[in-house]
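This report concerns confidence, salt bridges and one surface region of the structure shown below.

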Amino acid sequence: MNICVYCASSLKIDQKYLTLAAEVGAELARRGHTLVSGGATVSCMGAVTAATRRAGGRTIGVIPQVLVDIEVADRGSDELIVTADMRERKGVMDARSDAFLVLPGGIGTLEELFEMWTSRVLGIHDRPLVILDPWGLYAPLRQLVENMYEEGFTRANVFDAISWTATVDDAFSHLERRAKPVRPSVAELGEAAG
């Protein structure tokens, strides 16, 4: 399964977030999945990709040219896709992923989270979306969404469209239990050709 991991690129964060990203990368590889990432070497993005590869996993990095130009591209990726801009980057990451895992991050991570969450609520996709939040960074967000629901601004399925987890194992269990590959399997391709 291709798992897209959204996470921080900030260089000012506590080491615990980098450690979490590395744990996610190692577990992702241990479970035989492929990482789809933002294609950069900095902060949590770099930690998750490096750990995935150290554990023998495959990585797909998707990065806009502007970030390649400032030399943060993960040239060690098994597949590095360079896009024209951030919008194309998100589209490619979406298209290449069977599931989405959100780690602690900033406004870029929130933008990616909200796009996939909204699309799921609207029925545009049904791939699993999981937040891994061991330290409660996203607790105010969860409360905000609950308040929005109570005020009538969101649909009830906003809660069914996402899973909130606190451990790496729990996050992967949610992803694997709910995932359906977006690409046909080799067997399905053979049946279609026959």
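**Accessibility and the Arg53 pair**

A residue is called buried under 20% relative accessible area, exposed over 50%, and partly exposed in between. Arg53, at 27% relative accessibility, is therefore partly exposed. In this predicted model, Arg53 forms a salt bridge with Asp74, with the closest N and O atoms 2.9 Å apart. Arg53 belongs to helix H2 and Asp74 to the loop between helix H3 and strand E4, so the pair ties together parts that are 21 residues apart in sequence. Asp74 has a relative accessibility of 4% and counts as buried.

**Salt-bridge network**

The salt bridges number 10. A network of them links Glu27, Arg30, Arg31, Asp169 and Glu176. Within helix H1, Arg30 and Glu27 are three residues apart, about one helical turn, and their closest N and O atoms are 2.7 Å apart. Arg30 is exposed at 59%, whereas Glu27 is buried at 14%.

Arg31 and Glu176 form a salt bridge of 2.6 Å, N to O. Because Arg31 lies in the loop between H1 and strand E2 and Glu176 in helix H7, this pair ties together parts 145 residues apart in sequence.

Helix H6 spans residues 139-150 and reaches 17 Å, close to the expected 16 Å. Just after H6, Gly152 adopts a positive phi of about 90 degrees. Phe153, in the loop between H6 and strand E7, is exposed at 67%. Together with Leu144 and Met148, Phe153 makes a nonpolar surface patch of about 320 Å².

**Confidence**

The average pLDDT is 92, and 92% of the residues score at least 70. Over residues 184-194, pLDDT stays under 50, and the model has one contact beyond four places in sequence for them.

Notes:
Residues are numbered from 1 along each chain as its sequence is written. This is a predicted model: local features need pLDDT of at least 70, side-chain atom pairs count only at pLDDT 80 or more; totals for chains, interfaces and linings use all residues. Side-chain values use heavy atoms; hydrogens and water are left out. Helices (H or I, at least four residues) and strands (E, at least two) are DSSP runs, numbered from the N terminus. The expected span of a helix is 1.5 Å times one less than its number of residues. Patches are made of residues with over 30% relative accessible area and no salt bridge: like charges are joined within 9 Å, nonpolar side chains (Val, Leu, Ile, Met, Phe, Trp, Tyr) within 5 Å. Accessible areas come from the Shrake-Rupley method with a 1.4 Å probe; for residues, only the protein chains shown count as cover. A salt bridge is a side-chain nitrogen of Lys or Arg within 4 Å of a carboxyl oxygen of Asp or Glu. Buried means under 20% relative accessible area, exposed over 50%, partly exposed in between (1.4 Å probe, protein chains only). pLDDT is the predictor's confidence in each residue, from 0 to 100. Contact means heavy atoms within 4.5 Å.
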